[in-house]
Amino acid sequence: MLENIRIVLVGTSHSGNIGSAARAMKTMGLSQLVLAAPRTEVDGHSMALAAGASDVLKNMVVTEDLPSAIADCSLVIGTSARSRTLSWPMLDAREAGTKLAQEGQKGPVALVFGRENHGLNNEELQMCHYHVCIPANPEYSSLNLAQAVQLLSYETRMAHLAMQQAPTEADDTEYPNAEQMASFYGHLERVLLKTGFIIQAHPGQIMNKLRRLFNRARPEQQELNILRGILTSIERPSPRNQADDEANR
């Protein structure tokens, strides 16, 4: 189960944080580390701060962007230290750990951390099903990257241990992965542009709000197939319209 839980660091700029994050992960039994568009490389400082977790660093994966890092994940939780203009489904640290442990039984899931100086941007946060915020002291909320990884990895491990002590039947619901959802959003936007529901020059917040809607609803794989079928039927000319076009020629 824990092998399916992926820690994704986006745009990391300090090599020591990568090593410290690897150490935090290994102490909690996590081993899958992905660097998305890192701004630094693993070096001797990383290895030193990993303190025995060099195997996590040696086996880590580097991707060019966040979509590549989470493409095969059916659940993506992004860390956010502040509220956004467009609110998103929120979890506390314990709820996030529970969801990761539960859905990690079925396949890859991801916990995403942003840049040291400003976290994840809005576009990246919209790729996540949920946001998790650590309720640090508002008068001094200086929580560094590795500390955040440690805290959320701990909650995930505690949820995992609780499930081992009181095993329950795994939910066999099949959810689409991030790549499939991104394809759906692209399809949806094309259809809405074609029908004139949104205007490319002035799209507004429609697509962002629709992303929030579907991420909150979390359609199952079969439900997503139905939605894609509906969009395809809208794109396909109806027999009546075809007949009208032929009559007008």
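1. What covers the buried residues of helix H9 includes helix H8 (178–195) and helix H10 (221–235), where helices are DSSP runs of H or I with at least four residues, strands are runs of E with at least two, and both are numbered from the N terminus. Buried means under 20% relative accessible area, exposed over 50% and partly exposed in between, with a 1.4 Å probe and protein chains only.

2. This is a predicted model, in which local features need pLDDT of at least 70 and side-chain atom pairs count only at pLDDT 80 or more, while totals for chains, interfaces and linings use all residues. Residues are numbered from 1 along each chain as its sequence is written, and side-chain values use heavy atoms, with hydrogens and water left out.

3. The buried residues of H9 are Met207, Asn208, Leu210, Arg212, Phe214 and Asn215. The 12 residues of H9 (residues 206–217) should span 16 Å at 1.5 Å a residue, and the end C-alpha atoms are 16 Å apart, which agrees; the expected span is 1.5 Å times one less than the number of residues. After H9 comes Arg218, with a positive phi near 50°.

4. Strand S4 (residues 75–79) is mostly covered, with five of its five residues buried. Leu75, Ile77 and Thr79 point one way, whereas Val76 and Gly78 point the other way.

5. Val76 stands opposite Ala110 in S6, and the bridge partner of Gly78 in S7 is His131.

Conventions
Contact means heavy atoms within 4.5 Å. Two strands pair if DSSP finds at least two bridges between them.
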